[in-house]
Amino acid sequence: MKFLDHLEEWIIASLMGAATLVVFVAVVHRYLSGLPIPVVQDWLIQVNTSWAQELCIYMFVWMAKFGAAYGVRTGIHVGIDVLINRLDTPWRNKFIVFGLLAGATFTAIVGTLGANFVWHMAHTDQTSSDLEVPMWLVYLAVPLGSYLMCFRFIQVAVHFIRTGELPKHDHGHVEGLEDEIAAAKGGAA
């Protein structure tokens with residue numbers, strides 16, 4: 001499971017970093033190509049960065065789909081649970097499990113419909129307008145991200161049934177900080 005967790009985080013971070021870099025390069029290119037520097041301006045105008053916006057849109061779609069699954073796993077999705085928390089424990093637990101399984105069912109349906117769409121899209125010659133990549137590769141984010149999110153809903157539901165605990169995101173927690181503090185105290189003593 002740790003491999004999948006790290007792969008998910010690596011994909012999200014890589015897409016975020018790459019999108020940031022692509023946008024930065026496109027903005028700098030646009031700015032510099034407007035400057036009246038004869039040789040530089042002529043060369044920059046010949047460099048085509050029209051694909052940058054389309055690439056960033058596709059990267060953000062993939063990032064959002066995998067980020068939603070990450071949100072389920074870590075408990076960072078916003079939820080309105082005022083009524084649920086007022087219920088006595090047996091009813092509260094039943095509603096929580098129902099909600100998690102409903103989320104798993106919904107994302108499984110979206111994933112299956114998305115896979116069917118991608119399957120049919122793969123049998124066409126449709127490509128994106130600027131990048132000219134097959135559109136089925138772009139839409140593959142829907143079934144992959146939805147099935148991963150479905151898996152995460154089931155994972156959280158099983159963990160909740162076993163332990164009674166839901167994942168809670170601690171905004172003040174920095175992973176690995178405790179180890180660094182312990183090492184610093186051990187080295188100072």
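Which residues in α1 meet which residues in α7?

**Entry 1, the contact.** I am working from a predicted model. I looked up the contact and found Leu-4, Asp-5 and Glu-8 on the α1 side. On the α7 side I found Leu-148, Phe-151 and Arg-152. I sorted the residues of this contact by type and noted three nonpolar, three charged and no polar.

**Entry 2, the helix pair.** I then turned to geometry. Two packed helices are described by the angle between their axes and the distance between the axes. I noted that α1 covers residues 2-33 and α7 covers residues 141-163. I read an angle of about 135° for the pair, and their axes are 13 Å apart.

I looked up the secondary structure and found eight helices and zero strands. Along the sequence I wrote the pattern down as α-α-α-α-α-α-α-α.

I checked the radius of gyration and got 23 Å, whereas a compact globule of 189 residues would have one near 16 Å. Along the principal axes, I noted that the C-alpha atoms fill a box of roughly 75 × 60 × 30 Å. I looked up burial next: buried residues make up 26% of the 189 residues. Last, I took the contacts between residues at least 6 apart in sequence and found that 76% of them join residues at least 24 apart.

Key:
Residues are numbered from 1 along each chain as its sequence is written. This is a predicted model: local features need pLDDT of at least 70, side-chain atom pairs count only at pLDDT 80 or more; totals for chains, interfaces and linings use all residues. Side-chain values use heavy atoms; hydrogens and water are left out. Axes are lines fitted to C-alpha atoms, for helices over the stretch in contact, and angles run from 0 to 180 degrees between N-to-C directions. Helices (H or I, at least four residues) and strands (E, at least two) are DSSP runs, numbered from the N terminus. Contact means heavy atoms within 4.5 Å. Ala, Val, Leu, Ile, Met, Phe, Trp, Tyr, Cys and Pro count as nonpolar, Asp, Glu, Lys and Arg as charged, and the others, Gly among them, as polar. The radius of gyration is taken over C-alpha atoms; the globule rule is 2.2 Å times the number of residues to the power 0.38. Buried means under 20% relative accessible area, exposed over 50%, partly exposed in between (1.4 Å probe, protein chains only).
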